Each structure stands twice: as C-alpha cells, then as structure tokens.
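Here is a friendly walk through the helix packing and the nonpolar cores of the model shown below. Keep the 3D view open as you read.

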Amino acid sequence: VIAYFCGCFNGAVIISKYILRDDVRRHGSGNAGLTNFYRTFGGPLTFVVILCDVLKAVIAVLIAAHIGGGFDPRMMPDMPLSTEMTVYYVVLFKYWAALFCLLGHMFPCMFHFKGGKGILSGGTIAIMIDWRIALVVWGGFLILAILTRYVSLGSVWAGASFPVATWFVYQDWIITLLGLLLGGLVVYMHRGNIHRLLTGTE
C-alpha cells in the first residue's frame, strides 16, 4: 500500500496540473511521464519531475528493504535471523515494493488511473535493487536510444531485459516472476510504441 501510493505521486501530472495549470495528459502522446512533459513544457520544471519520479521509487524500495531486513516467518520470534535469509527477504521485499510503486506510477488512483510508462521510476528501481541489473537495463537503454534516436526502443529493451537480468543475478523463480511482472508492465505500457516501431511510424 505504501509503495503504491508512493508511485501515485506523479510529478508530471502534479506540476502540469497544479503549477502550470495545463494537464500534460492533454498534449502530445497523452502520457503522464517525463518524456511527454519535457516535449510539451520543457524548462527547469522538468528536473522537478525527474526528482519526483526518482525519489518515490527510492523511498518505496528503502522502506521495503527495511521491513524485509527484519522479516522471516519461517523462524521463531526469539531466534536470530540468518544472514542469508535476511538478504533474501530484503531482495524479495524490494521487488514486491517496486512492483506496486510501478503500478502506482502507471495507474494512479487519484489521477483516474492514467499515469506514466514507468521508465525513470523503473530505471531507479533497477539501481536500487542491484547494480548488475541496472548495468544491463541502463546500458542497453542508452546504447539503443543514442544509436537509433528512439527512446521507446531503449525503453522496450529495459523492460524486456529486466527479468532476464534478474534470473542471472538471483536464480530464484519467485524473484524472477516479480521481475517478469515489472518488466512486462513496462513493455505493456509501450505497446503503442512497439506497433509504431514495427510499422515505421514511430
């Protein structure tokens, strides 16, 4: 619940609607994300949107890591936690919170469930979870975006590569399933971009 409502704090919508008095979702792609905000309004307020998308992911994952560090239902309350199990639950809780943070970003209940596509928040989540996953996700994103000039192509790579990188790092099917849901959400939100890329109209 905490992670979801962190995700609902959509900087692009809040700044455009309540500061600029012009909802970003009425312009361009109709998406309430960083790219559409920058293309529509530009200016220094873009950095505030970036800060919002980054901080909400950081807060959600940090809270989850703190809770996960002290949670192990398979042990009696008066027994000490094993280091290995503590690390596992920290990672598991990070993924769980990351999923709901992304859901809040994409489908915010206070903004008619119309949010962003989750790239910046998702990229922040990758960094917060593991640097190796972040390297795969961000590395591919930057290479594809720079070489092809299609941010959407890099975004699709980020979503598709996330569960693959998760498996190679953790090799745990529960964590990989959560990674698949996270990456799948990003790819799903870019389904229109994928269609336009395939038809050459992006």
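## Ground rules

Contact here means heavy atoms within 4.5 Å. With that cut-off, Val 90 touches Ala 65, Gly 68 and Gly 69, not counting residues up to four places away in sequence.

This is a predicted model, in which local features need pLDDT of at least 70 and side-chain atom pairs count only at pLDDT 80 or more, while totals for chains, interfaces and linings use all residues. Residues are numbered from 1 along each chain as its sequence is written, and side-chain values use heavy atoms, with hydrogens and water left out.

## Val 90 in its helix

Val 90 sits in helix α5; helices (H or I, at least four residues) and strands (E, at least two) are DSSP runs, numbered from the N terminus. Val 90 counts as buried because its relative accessibility is 18%. Buried means under 20% relative accessible area, exposed over 50% and partly exposed in between (1.4 Å probe, protein chains only). From Val 90 to Phe 107 is 17 residues in sequence and 25 Å in space, C-alpha to C-alpha.

## Where α2 meets α4

How do the axes of α2 and α4 cross, and at what angle? The axes of helix α2 (residues 11-19) and helix α4 (residues 45-68) come within 8 Å and cross at roughly 140 degrees. Axes are lines fitted to C-alpha atoms, for helices over the stretch in contact, and angles run from 0 to 180 degrees between N-to-C directions. The two helices are therefore oblique to each other: under 35 degrees counts as roughly parallel, over 145 as roughly antiparallel, 65 to 115 as roughly perpendicular and the rest as oblique.

On the α2 side, the contact is made by Gly 11, Ala 12, Ile 15 and Ile 19; α4 brings Leu 45, Val 48, Val 49, Cys 52 and Asp 53. Within α2, Gly 11, Ala 12, Val 13, Ile 15 and Ser 16 are buried, and the buried residues of α2 pack against α3 (34-40) and α4. Just after α2, Arg 21 has a positive phi of about 60 degrees.

## Two nonpolar cores

A nonpolar core is a set of buried Ala, Val, Leu, Ile, Met, Phe, Trp, Tyr and Cys residues joined through side-chain atoms within 4.5 Å. The largest has 33 residues, and Tyr 95, Ile 125, Ile 133, Phe 162 and Leu 182 have the most contacts inside it. Its largest share, 12 residues, comes from α5.

Leaving aside neighbours within four places in sequence, Phe 162 is in contact with residues including Tyr 95, Ile 133, Val 137 and Leu 182. A second, separate core of 8 residues includes Ala 12, Val 13, Ile 15 and Val 24.
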